[in-house]
Amino acid sequence: MSEMITSLSNPLIKQARALRQKKAREEDGFFLVEGLAHVGSAFEAGWKIEVVLHAPERLRSDFGRELLEKLELARIRCQPVSAAVFESFAEKENPQGITALVRQRQASLDDVLAAASAAFTPVFIASVAPQDPGNVGAILRSLDAVGGAGLFLLDGGVDPFHPSCVRASMGAIFHIPFAQASFADFVDWAAQRDLRLLATSARATSDYRQLRPDGRPLVIVLGSEQKGLSAEQLDLCPERLSLPMRGKVSSLNLAVAAGILLYAFVDLKSS
């Protein structure tokens with residue numbers, strides 16, 4: 001077993017703390033995965049785990065000890081650290097005592113499409129410049145729950161490897177394929193692949209419940225939390241749909257809207 005790290009100035013600990021920032025994640029190519037369930041999901045899904053940092057004082061459950069045994073049997077470095085050192089890079093209060101540095105994966109648009117199941121009409125989400133990492137993680141979680149096909153992140157916005165996104169996905173980030181692209185490139189690509197783009201807009205005249213599948217893969221296109229889709233972006237999407245608002249609020253949370261539409265459009269019976 002490796003000697004316990006107790007110094008905050010240890011290079012590995014400095015690297016873990018730095019990965020809480022987007023710039024460091026982009027330069028390093030790794031991201032942080034915190035918690036028993038999430039580290040276990042990354043391992044089971046076959047993502048490349050560089051090192052696991054664990055605080056023995058906090059990691060006392062049978063499940064935690066069994067997970068460490070599996071990781072060590074797979075020849076993954078499992079490095080013990082003191083509780084104080086662990087808390088220096090942990091995101092959560094009262095952390096479970098385990099965090100992994102995991103290698104990022106970059107998928108292409110075609111990779112996401114190829115991964116779609118043939119058992120039902122594939123349904124995707126395309127999110128344009130999302131600003132809240134929790135929303136992106138929750139969308140990944142909803143996609144996983146309904147058997148959705150994948151996520152397209154367009155025109156920047158949230159880094160999908162942000163710790164809050166990883167945590168909110170509840171492990172779905174390791175199972176649901178996602179790709180990043182510009183909106184213009186995505187629209188051109190989607191037209192070439194005969195994907196059906198369904199743009200969401202409060203001003204759309206068609207209710208989402210009026211949609212009838214035509215056999216083509218569906219892409220639900222969502223605008224940013226603050227601005228929605230621009231007029232130019234709406235013009236590039238052949239169909240527009242609205243979620244009726246009966247109360248006084250003018251909009252829904254991005255992840256909530258995505259979840260409603262996913263459950264409406266995915267044929268769970270045929271999956």
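**Notebook: a surface patch and some salt bridges**

I started with Val256, which sits in helix α11, spanning residues 254-265. A reminder to myself: this is a predicted model. I looked up how accessible Val256 is and got a relative accessible area of 42%, so I noted it as partly exposed. Val256 belongs to a nonpolar surface patch of about 380 Å², together with Met245, Val249, Leu252 and Ile260.

Next, I turned to charged pairs. How many salt bridges are there? The count came to 11.

I picked out Asp159 and Arg25, whose side chains form a salt bridge at 2.7 Å, N to O. This pair links distant parts of the chain, 134 residues apart: Asp159 is in the loop between β6 (150-154) and α8 (163-168), while Arg25 is in helix α2 (residues 22-28). Buried or exposed? I found both Asp159 and Arg25 buried.

Then I followed Arg216, which meets Asp194 in a salt bridge of 3.7 Å, N to O. Arg216 lies in the loop between β8 (196-200) and β9 (218-222), and Asp194 in the loop between α9 (183-192) and β8, 22 residues apart. Arg216 is partly exposed at 26% relative accessible area, and Asp194 is partly exposed at 43%.

My last pair was Arg196 and Asp214, with their closest N and O atoms 3.7 Å apart in a salt bridge. Because Arg196 is in strand β8 and Asp214 in the loop between β8 and β9, the pair ties together parts 18 residues apart in sequence. Arg196 is buried, at 7% relative accessible area, whereas Asp214 is partly exposed at 41%. I also noted that salt bridges with shared partners join Asp194, Arg196, Asp214, Arg216 and Glu239 into one network.

Conventions. Residues numbered from 1 in each chain as written. Predicted model: local features only at pLDDT ≥ 70, side-chain atom pairs only at ≥ 80, totals over all residues. Heavy atoms only, no water. Patch = residues over 30% accessible without salt bridge, like charges linked within 9 Å, V, L, I, M, F, W, Y side chains within 5 Å. Areas by Shrake-Rupley, 256 points an atom, 1.4 Å probe, with all protein chains shown as cover. Salt bridge = Lys/Arg side-chain N within 4 Å of Asp/Glu carboxyl O. Helix = DSSP H or I, 4+ residues; strand = E, 2+ residues; numbered from the N terminus. Buried < 20%, exposed > 50% of the residue type's maximum accessible area, 1.4 Å probe, protein only.
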